[in-house]
Amino acid sequence: MKDSNSSTSTSSRTEPIGQNIIKLISNLCFSVFVFSVLIFTVIAITYQPPDPWLESTPALTNLFTQSENATFRVDSSVLKTGEDLTPSPQDPPLPPPPPSAAVTEAVIEKIEQRIANSTANSSAPVPSPADCDGTPNCSDPRVLIAVQRFNLRAFRSIAFFDYQTPVNGSAAGECDVAWRFRNKRERSWRKYRDFRRFRIGVVDDCRYKVVHAGGWHSGINARRNVTRTGAGRGKNLPQTRDDQINDTVPSLGSENNFRNGRYLYYSRGGDYCKGMNHYLWSFLCGLGEAMYLNRTFVMDLNVCLAAIYNPSNKDEEGKDFRYYFDFEHLKETASIVEEGEFLRDWKKWDKTHLKKKKIPVRKVVTHEVAPMQLKKDKSTIIWRQFDAPEPENYWYRVCEGEAAKYIQRPWHALWKSKRLMNIVTEISGRLDWDFDAVHVVRGEKAQNKELWPHLDYDTSPDALLEKLKGMVQPWRHLYVATNEPYYNYFDKLRSNYKVHLLDDYKELWGNTSEWYNETSLLNNGKPVEFDGYMRVAVDTEVFYRGKTRVETFYNLTKDCKDGVNTC
């Protein structure tokens with residue numbers, strides 16, 4: 001009995017100790033959890049990435065935000081621009097797109113209902129197919145409905161707008177129809193034009209249907225009229241102008257308008273004649289600072305194209321920004337003035353006014369003067385000068401350090417040139433938007449075995465064919481985007497696929513093309529070379545539109561994109 005009582009007494013003494021230990025551990029764990037949440041919350045509130053827009057594009061972040069030492073590796077790739085990227089919450093809202101609703105099945109049903117109501121209330125009903133076997137009347141709105149429904153089924157990746165009334169084709173039962181459209185993957189609201197020929201039949205219930213559809217731009221009777229415009233210096237070139245392009249240089253207007261403005265002017269720095277990616281990184285830094293300071297950015301439209309993009313392997317000055325990028329969209333989203341216009345107005349003002357009334361100018365001679373220090377400056381012109389030796393004279397140095405928290409590069413303002421995108425659309429349209437694509441990187445990287453030891457073999461014709469067999473169905477249209485200069489290099493792929501290369505479409509920038517004529521107008525009537533950067537831009541955008549896309553550094557080789565040990 002004594003032992004039993006002793007055991008009970010011991011148990012009663014140890015039980016509270018065990019419970020206390022458990023409570024102590026629980027409280028400690030909860031305290032650690034609360035402390036961790038507190039630390040995470042503080043970090044989340046105080047952290048601000050250098051450029052929130054680039055958070056949606058890790059490749060660009062890796063390329064540029066690690067460049068604090070102001071050195072750039074030469075890169076001939078093409079940056080994704082605003083129409084390729086998802087907008088950041090920090091971006092200002094874009095101007096509203098022109099009012100135009102896409103044609104959908106719901107829209108078509110409303111039109112059909114309207115036609116039915118009109119027929120029921122009218123003494124002169126809309127014509128119906130005569131005995132269900134007559135020749136279709138192309139102007140009958142039900143013909144257009146049949147075409148619209150066909151397009152929605154055939155081209156699911158395309159949004160359709162602005163159909164024109166069908167016109168007669170070249171034979172009985174044929175109708176030519178024109179419309180505007182946009183690829184659903186493109187985040188811009190720019191539209192492109194197509195016109196096709198359709199053979200129209202009648203089904204048993206007296207409805208129209210599309211029996212056969214022609215290819216890209218086959219409906220020539222629905223094509224807009226060709227306007228002839230002088231190309232400068234006495235030359236007259238036949239022009240089919242894209243009426244959605246307006247890249248005229250904006251004018252400041254009166255002297256008072258100039259005097260009342262506030263400007264940010266960057267003199268030419270070390271970025272000139274660097275690679276296009278370097279140029280854009282710097283240009284968008286300057287434009288971002290102008291937006292932060294609420295000033296108009298003075299923009300030099302002259303671009304020096306680096307040697308890596310030119311067949312001559314030399315830097316080429318005198319290129320026009322508008323060859324490569326959408327100037328109209330830039331004007332709509334940012335306050336800019338062309339440098340020549342600005343300097344003329346500035347010189348004119350100072351020449352016609354007394355010394356005391358000359359334009360107030362603040363010269364900033366180093367990038368170390370941060371944008372935050374200029375926020376309250378009242379000078380009409382803030383003139384940043386970049387006269388120091390490289391790399392201190394790079395524009396993008398202004399946006400480094402503490403300034404990165406305040407200056408947001410406006411990637412949303414930068415779209416590729418509509419003229420280049422018209423070529424992209426033409427190629428994709430000829431392939432009926434139903435093709436696969438492979439990006440094959442060769443060139444200098446394939447020759448550099450130290451940084452890319454396997455790339456040359458992995459992109460050889462035999463290796464390509466074997467790898468593509470597992471990713472692309474046989475006899476599909478296959479677009480090959482590549483920097484391989486030898487046209488016949490990919491002939492072995494033709495045994496399994498319908499292969500297409502950029503050079504198959506040379507007439508789209510040849511001397512009878514719309515692109516050639518319009519760029520000649522920008523260049524005072526002189527022909528413009530379709531240079532290496534344009535080729536890569538078009539190649540890349542066509543690649544983006546493939547249904548199946550095969551990448552070099554993700555699908556074809558284990559080598560890292562930027563060399564050994566950089567994955």
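Predicted model: local features only at pLDDT ≥ 70, side-chain atom pairs only at ≥ 80, totals over all residues.
Biologist: Thanks! What makes H6 largely enclosed by the rest of the structure?

Modeller: Of the 18 residues of H6, 17 are buried, so the helix is largely enclosed. By helix I mean a DSSP run of H or I with at least four residues, and by strand a run of E with at least two, numbered from the N terminus.

Biologist: How do you know that the reach of H6 is close to what is expected?

Modeller: The expected span is 1.5 Å times one less than the number of residues. H6 (residues 276-293) has 18 residues and reaches 26 Å from its first C-alpha to its last, close to the expected 26 Å.

Biologist: Which residue caps the N-terminal end of H4?

Modeller: That is Asp 140, with a side-chain oxygen 2.9 Å from the backbone nitrogen of Arg 142.

Biologist: What makes the link from Arg 397 to Glu 392 a polar contact?

Modeller: A polar contact is a pair of N or O atoms within 3.5 Å; within protein, one must be able to donate a hydrogen and the other to accept it, and residues adjacent in sequence count only if both atoms are side-chain atoms. The side chains of Arg 397 and Glu 392 are joined at 3.3 Å.

Biologist: Why does Asn 310 count as buried?

Modeller: Asn 310 has 6% relative accessibility, so it counts as buried. Asn 310 sits in the loop between strand S10 (302-305) and strand S11 (316-320), and its side chain reaches the backbone oxygen of Ala 306 at 3.1 Å.

Biologist: Why is Gly 219 called buried?

Modeller: Its relative accessible area is 0%. Gly 219 belongs to the loop between strand S5 (208-213) and strand S6 (227-232). The C-alpha atoms of Gly 219 and Cys 175 are 7.8 Å apart, although 44 residues separate them along the chain.

Biologist: On to the rings. What makes two rings a pair?

Modeller: Rings of Phe, Tyr and Trp (its six-membered ring) pair if their centres lie within 6.5 Å; planes under 30 degrees apart count as stacked, over 60 as edge-to-face and the rest as tilted. By this rule there are 36 aromatic pairs.

Biologist: Why is the pair of Phe 155 and Phe 160 called tilted?

Modeller: Their ring centres are 6.4 Å apart and their planes meet at 55 degrees, so the pair is tilted. Phe 155 counts as buried at 9% relative accessibility, and Phe 160 does too, at 3%. Tyr 265 and Phe 342 form another tilted pair, with 5.5 Å between centres and 55 degrees between planes.

Biologist: How do you know that the pair of Tyr 265 and Phe 342 links distant parts of the chain?

Modeller: Tyr 265 is in strand S8 (residues 263-266) and Phe 342 is in helix H9 (residues 339-352), 77 residues apart. Both Tyr 265 and Phe 342 are buried.

Biologist: Which residues do ring pairs link into a cluster?

Modeller: The cluster includes Tyr 266, Tyr 279, Phe 283, Trp 395 and Tyr 533.

Notes: Residues numbered from 1 in each chain as written. Heavy atoms only, no water. Buried < 20%, exposed > 50% of the residue type's maximum accessible area, 1.4 Å probe, protein only.
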